[in-house]
Amino acid sequence: SNISCLSPYITHGILSELEVIDKSLKKFSFVKNEKFIQEVLWRVYWKGWLELRPNVWSDYLIELKKLRNEFKNNQNYVDAIEGKINLECFNQWVNELKENNYLHNHTRMWFASIWIFTLELPWQLGAEFFMKHLYDGDAASNTLGWRWVAGVQTQGKHYLASEWNINKFTNNRFKNIKLNENATPIFSDKTYPINKKDFLNSEILEDQTLLIFENNMTFEFSDFKEHKFKKILLVLNDTNRTIKLSEKVLKFKANLLEDQKTRLEEKSINCETINIDDLKNINVTTNNNLDAISILFDDLNTPGLIAELNKIAKDYHSDQINKDQIRAIKMECIRSKKFGLESYNNCLSEYKTAALDGKLFEKKFAAKPKSNVEKLETHTVRLIIFEQKSEDEFDPLGGGSGVILNNNLIATNCHVTE
């Protein structure tokens, strides 16, 4: 009775965070509202944090795919998601989550801590379990919240559930709560620098087609409400998801989308519901750019990119996307994997940014070497070593050949004379 239960509607854009804060302050004083406002603003903060570090999400999905295979037959994991472990409180929360598709924030923290430190299961699988069943499942809040509990979001700082805390806030409802209350934080040496982006609203072009996704379903209160569009497409995604959602969650999203469609039709706005798979069959044109949708399609769940799609979506008519050019981009980034996952993700991010700016085909693609010999030749250099005697005087000490390994390293066989 002490929670708003508004988060499922904030997640889907039915309500905005600022709207919720504004109305709460009109009803209660700031002193009474302060904690509630803080919780709402955490959602805003997490969204912004992840938008500036999109590789956190892409790395999470890569790790998740690997862990799914490793743990699919793990009995500890199976018992956990079926609510059959030796902790009554945890089992009840599993059932509550599946039945109501919601958990109190405090319960979510207890749940995540028990999952990670008592059951010793990967936080990535726990975050997936929440996303699968929560009506308010949000890529930023959910993923970063689990990272924080584990101790990898703020290195060295984790959250440990305790028996006394659970008893205090559940009125001693549960007995024999045996937890690992001395666990150390999960260690991760990955760092994610800020990937600065200019989120500038492009000009709103009328007589064009607007895409509305599941996270922004209040057209009549948006910045677009006064503009006349040729058509509005409501994009339904019930099949093409990296994290498979429960039938109840998919139904909830579909109902919200249908409600948005009804409200648009009541205003005599031409609209249609379309499955996300069908976007592949739609030729979308942008300013001097025909490929942004194709490149970004595999990352539609990445925070920030859905908003970018709305900016670039225009009309159906255009030439066919050049698949050879798309393939060249993918090969370019795959070759960058030799320098590590971060290099690969940065390569993809660079091309996505160019695509959204309409400058993709201004970039130069490195031609694939015809042979290993040719590849070696393109990286081979002649080196001469000098000793600086004075500001303007240099004496040669030796020389030789070298191979450029990366921007900071050259392998060489230089010989230095006496």
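A charge sits over a ring if NZ of Lys or CZ of Arg is within 6 Å of the ring centre and within 35 degrees of the ring normal. Here, the charged end of R108 does that with Y102, 5.2 Å from the ring centre. This is a predicted model: local features need pLDDT of at least 70, side-chain atom pairs count only at pLDDT 80 or more, and totals for chains, interfaces and linings use all residues. Numbering starts from 1 along each chain as its sequence is written, and side-chain values use heavy atoms, with hydrogens and water left out.

**Aromatic pairs**
- Rings of Phe, Tyr and Trp (its six-membered ring) pair if their centres lie within 6.5 Å, with planes under 30 degrees apart called stacked, over 60 edge-to-face and the rest tilted.
- That rule gives 21 aromatic pairs.
- One of them is W115 with W146, edge-to-face at 6.1 Å centre to centre and 85° between the planes.
- W115 belongs to helix α7 (residues 105-118) and W146 to helix α9 (residues 139-150), 31 residues apart; helices are DSSP runs (H or I, at least four residues), numbered from the N terminus.
- Both W115 and W146 are buried (under 20% relative accessible area, 1.4 Å probe, protein chains only).
- Y135 and F252 are stacked, at 4.2 Å centre to centre with 15° between the planes.

**Aromatic cluster**
- Y77, F90, F111, W115, F129, F130 and W146 make up one aromatic cluster.

Note on methods. Helices (H or I, at least four residues) and strands (E, at least two) are DSSP runs, numbered from the N terminus. Buried means under 20% relative accessible area, exposed over 50%, partly exposed in between (1.4 Å probe, protein chains only).
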